[in-house]
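The entries follow in the order I looked things up.

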Amino acid sequence: MKYIDGFNIVFFVFIAILFLIISCIKSTTPWDLIRADRDFSRLSEEKGMHAAFLAFIADSGLLFRDNTLPYTGKKNLGILFSGRSDTSFTLTWEPEYESISESGEMGYTWGCYVSRMKATGLENYGTYLTI
């Protein structure tokens, strides 16, 4: 596992089942989830990772991290992020694939992320999954 300033990069890899994107629930329009992923990435780059996660996670969303139970809900995610800075790096990602159920009630995307340290330009790459 790679660590940057004590921040576990594997955190991003295990974003699986991270959040239900509110704007995409009950939508069967192609590209809706991809559009939402790109909007998340843009907000993360502009205002920081914490702001992006809190803007896009559903109230009942889950965040999985290594060696711990998942954080459940927007409120608990806000508590997790409080007091932690996300200003030393930027997180961006690009979706590669989406699938939406026929009913439009559930879908997922996966793609590649880049975590870039602002001071050094060091980049870490990985894969993400959102449901």
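How much accessible surface does the chain have, and what share of it belongs to carbon and sulfur atoms? I noted about 7400 Å², with 56% belonging to carbon and sulfur atoms; the areas come from the Shrake-Rupley method with a 1.4 Å probe.

The model is predicted: local features need pLDDT of at least 70, side-chain atom pairs count only at pLDDT 80 or more, and totals for chains, interfaces and linings use all residues. Residues are numbered from 1 along each chain as its sequence is written, and side-chain values use heavy atoms, with hydrogens and water left out.

**Overall.** I found four helices and seven strands (DSSP runs, H or I of at least four residues for helices, E of at least two for strands, numbered from the N terminus). Of the 131 residues, 42% count as buried (under 20% relative accessible area; exposed is over 50%, partly exposed in between; 1.4 Å probe, protein chains only).

**Helix H3, residues 49–56.** I listed Met49, His50, Ala52, Phe53 and Phe56 as buried. Down the axis of H3 they fall within an arc of 165 degrees, so they line one face (the arc uses directions from the helix axis to the C-beta atoms).

**S6 and S7.** S6 (residues 107–117) runs antiparallel to S7, with eight bridges. (Pairing needs at least two DSSP bridges.) Val114 has Tyr125 as its bridge partner in S7.

**Asn67.** I placed Asn67 in the loop between S3 and S4. Its phi is positive, near 55 degrees. Asn67 counts as exposed, at 81% relative accessibility.
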